[in-house]
Amino acid sequence: IKLTRPSDTSTPNLPDGLTAEAISKVIVDNNRAMTLCYAEAVRKGELPKGKMEVEITIGATGSVTNVRIDSPGFQDSAMADCTTRRVKNWKFPKFNGSPVPVSFPLIF
C-alpha cells in the first residue's frame, strides 16, 4: 500500500492546532492498520487495485466523526468496510474550531 504524501492530502482551511503534517503523521503511523485491511480483503477473495479515496471528518477533540470511501471501485468492498472501521478509531491532535474535512488516497 502506497501512502499519501502530505501534498496529496486535501486539508482546506485548517484551524489552529491542526497541521497537514500532523494529519499525515497519523495516516503514516496507521499504515499497519491499512495493511491488515488489505490482508483481510485478500482473504475474502478481493484483490484491491487502484486508488481508494478516503474522506474523513476530524472533530475538535481529534476523533474521527465520519468516514466515507469515495471511490466507485471500492464501494461495498471488504477493503472499504475494514478501512472505515479502523479509521474511525484514529486520533488526531485536538484543535479549536469546527470539524475539519480531510481527503487522502491509498494506492494499491
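**Contacts, strands, helix and rings**

Biologist: Which residues is Ile56 in contact with, once its neighbours within four places in sequence are left aside?

Modeller: Counting as contact any heavy atoms within 4.5 Å, Ile56 touches Val64, Asn66, Val67, Val87, Phe92, Val100, Pro101, Val102 and Phe104. This is a predicted model, in which local features need pLDDT of at least 70 and side-chain atom pairs count only at pLDDT 80 or more, while totals for chains, interfaces and linings use all residues. Residues are numbered from 1 along each chain as its sequence is written, and side-chain values use heavy atoms, with hydrogens and water left out.

Biologist: What makes strand 1 and strand 2 a pair, and in which sense do they run?

Modeller: Strands here are DSSP runs of E with at least two residues, and helices are runs of H or I with at least four, numbered from the N terminus. Pairing requires at least two bridges found by DSSP; strand 1 (residues 51–58) and strand 2 (residues 64–69) have 5, in the antiparallel sense, so they count as paired. Thr57 has Asn66 as its bridge partner in strand 2, and Ile56 stands opposite Val67 in strand 2. The two strands form a hairpin with 5 residues between them, and Gly62 in the turn has a positive phi of about 95°.

Biologist: How many bridges join strand 1 to strand 3?

Modeller: Strand 1 and strand 3 are joined by 8 bridges, again in the antiparallel sense, and Lys51 stands opposite Ile107 in strand 3.

Biologist: How do you know that the buried residues of helix 2 line one face?

Modeller: Buried means under 20% relative accessible area, exposed over 50%, and partly exposed in between (1.4 Å probe, protein chains only). In helix 2, Ala33, Met34, Cys37, Glu40 and Ala41 are buried. Their arc, taken from the directions of the C-beta atoms from the helix axis, is within 115°, so these residues line one face. The face turned away from the buried side carries the exposed residues Arg32 and Arg43, whereas the cover over the buried residues includes helix 3 (78–87) and strand 3 (100–107).

Biologist: What makes 28 residues a nonpolar core?

Modeller: Such a core is a set of buried Ala, Val, Leu, Ile, Met, Phe, Trp, Tyr and Cys residues joined through side-chain atoms within 4.5 Å. The largest one has 28 residues, and those with the most contacts inside it are Val54, Ile56, Ile58, Trp90, Phe92 and Phe104. Helix 3 gives the largest share, 5 residues.

Biologist: Why is the pair of Phe74 and Phe108 called tilted?

Modeller: Rings of Phe, Tyr and Trp (its six-membered ring) pair if their centres lie within 6.5 Å, with planes under 30 degrees apart called stacked, over 60 edge-to-face and the rest tilted. The search of the whole structure finds 3 aromatic pairs. Phe74 and Phe108 lie 5.5 Å centre to centre with 45° between the planes, which means that the pair is neither stacked nor edge-to-face and counts as tilted. Phe74, in the loop between strand 2 and helix 3, and Phe108, in the segment after strand 3, are 34 residues apart. Phe74 is buried at 6% relative accessible area, whereas Phe108, at 22%, counts as partly exposed.

Biologist: Why is the pair of Trp90 and Phe104 called stacked?

Modeller: Trp90 and Phe104 are 6.0 Å centre to centre with 20° between the planes, so they meet the limits for a stacked pair. Trp90 is buried at 3%, and Phe104 at 0%.
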